[in-house]
Amino acid sequence: MKFIRNYEIRITTPDGYAITIRPPITAAIESTQDVKGSSISNASVTLTNLAPSTRTRLGKDKFTRVDYWQIIILAGYGNTLIEIFRGNIQEGYSYKQGTEWLTKLECYDGAYQVQNGFMSETFTKDTTMKDAIIQSVKNIPQLLVGVLGGPASEVKPARGRVVVGNPYNEIQKMTDGQAFISGETLYVLADNEVMPGKVFVLSAEDNKTTPKRRDGYLEVERVFSPELKVGRIAELRSMVEKYNGQYKIFGVKHSAVFSQAEAGDATTTVSLFIGDKALLEIKS
């Protein structure tokens, strides 16, 4: 049984100042993650009645792209908190609404890295695809390398080349658009490839809706499920039996209100890819 929603937000400013926000501060959080390389995952946070000094510290102009403000959002039930977002605060501002002060944070996972990366590299004819990707990531600030699957296969280019420009764009060219950033980590996966780990069970009891088939995907709205991760396997158990089975999680959207004064709503919408190939687990 899921009850007593809880959260924690950890922020580190460019000068190293650490801010931790927890209940009883009311927080409305929306976050979106997907494996489409053309999309940048994001989160929007609205906090109610922060201390004046904290509101001041969280003021950030959205055009200051070279300033890195890391934000980590954890959420869950009781004392079990799971990271649902890790990225950079793009904009922060506060305003008064009625008798309350609201602080709004607009955050992106990977935008800081994409905007501030630059490379001037020479890849010889002996450079493998995987080595070229790893070398490119070294030119992207605050980005780690995760699982590199089939599109990053050990295929050597026919000839050497010099690359100057945005390294993330170059990675997308090398992998035919199958690279994505999640949790400030780069992953490369083919449509039927998944990362290792437990299979998430989408039980009928926690599904708020029956699956909706849209453009090659199944979309299911559930009670707040912070454990779901993109690029992993989900086993759908629905009253619509024809859709039951295992799928790759292509997208996860959380929308939740954490408040000790009101119940608020909390949902997770998961997007499952309907492929025609068996799922293949990639371990490294």
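Gln 90 touches Lys 60, Asp 61, Lys 62, Arg 65, Glu 106, Cys 107, Tyr 108 and Gln 115, leaving out residues up to four places away in sequence; contact here means heavy atoms within 4.5 Å. The structure is a predicted model, in which local features need pLDDT of at least 70 and side-chain atom pairs count only at pLDDT 80 or more, while totals for chains, interfaces and linings use all residues. Residues are numbered from 1 along each chain as its sequence is written, and side-chain values use heavy atoms, with hydrogens and water left out.

**Confidence**

- The chain has a mean pLDDT of 92, and 96% of its residues reach 70 or more; pLDDT is the predictor's confidence in each residue, from 0 to 100.
- Confidence in the chain is lowest in strand S15 (residues 212-214), with a mean of 88, and highest in S2, at 98.
- Strands (E, at least two residues) and helices (H or I, at least four residues) are DSSP runs, numbered from the N terminus.

**Two residues in their surroundings**

- Gln 90 belongs to strand S6 (residues 80-97).
- With a relative accessible area of 11%, Gln 90 is buried; buried means under 20% relative accessible area, exposed over 50%, and partly exposed in between (1.4 Å probe, protein chains only).
- Val 162 is placed in strand S10 (residues 161-165) and is exposed, at a relative accessible area of 59%.
- Apart from residues up to four places away in sequence, Val 162 touches Glu 121 and Thr 122.
- The C-alpha atoms of Val 162 and Lys 242 are separated by 51 Å, the two residues being 80 residues apart along the chain.

**Nonpolar cores**

- The largest nonpolar core has 26 residues, of which Ile 9, Ile 11, Ile 21, Ile 29, Ile 71, Ile 73 and Leu 105 touch the most other members.
- Strands that each supply at least two residues of this core include S1 (5-12), S3 (27-34), S7 (100-109) and S18 (245-258), and S5 gives the largest share, 4 residues.
- A nonpolar core is a set of buried Ala, Val, Leu, Ile, Met, Phe, Trp, Tyr and Cys residues joined through side-chain atoms within 4.5 Å.
- Ile 9 is in contact with Ile 19, Thr 20, Ile 21, Ile 29, Val 45, Leu 47, Ile 71, Ile 72 and Ile 73, its neighbours within four places in sequence being set aside.
- A second, separate core of 24 residues includes Tyr 187, Phe 200, Phe 273 and Ile 282.

**Pairing around S1**

- S1 pairs with S5 in the antiparallel sense over 8 bridges, and in S5 the bridge partner of Ile 9 is Ile 73.
- Two strands pair if DSSP finds at least two bridges between them.
- S1 also pairs with S2 in the antiparallel sense, over 4 bridges; here Ile 9 has Ile 21 in S2 as its bridge partner.
- The hairpin formed by S1 and S2 has 5 residues between the strands, and Gly 16 in the turn has a positive phi of about 90 degrees.

**The open sheet and its helices**

- An open sheet of 3 strands, with mixed pairing, has the order S9-S12-S11.
- Strand S9 (144-148) and strand S11 (179-181) stand at the edges with a single partner strand each, so one side of each is left without a neighbour in the sheet.
- Neighbouring strands of this sheet are turned by 25 degrees against each other on average, direction ignored.
- S9 and strand S12 (residues 185-188) run parallel and are joined by 3 bridges, with Leu 144 standing opposite Thr 185 in S12.
- Helix H3 (residues 129-137) packs on the sheet and touches S9 and S12, its direction making about 155 degrees with that of S9.
- Helix H4 (residues 167-174) also packs on the sheet, touching S11 and S12, and its direction makes about 140 degrees with that of S11.
- Axes are lines fitted to C-alpha atoms, for helices over the stretch in contact, and angles run from 0 to 180 degrees between N-to-C directions.

**Salt bridges**

- The count comes to 7 salt bridges, a salt bridge being a side-chain nitrogen of Lys or Arg within 4 Å of a carboxyl oxygen of Asp or Glu.
- Arg 10 and Glu 8 meet in one of them at 2.6 Å, N to O; Arg 10 is partly exposed at 41% relative accessibility, whereas Glu 8 is buried at 10%.
- Glu 8, Arg 10 and Arg 22 are linked in a network of salt bridges.
- Arg 161 forms a salt bridge with Glu 170, with the closest N and O atoms 2.7 Å apart.
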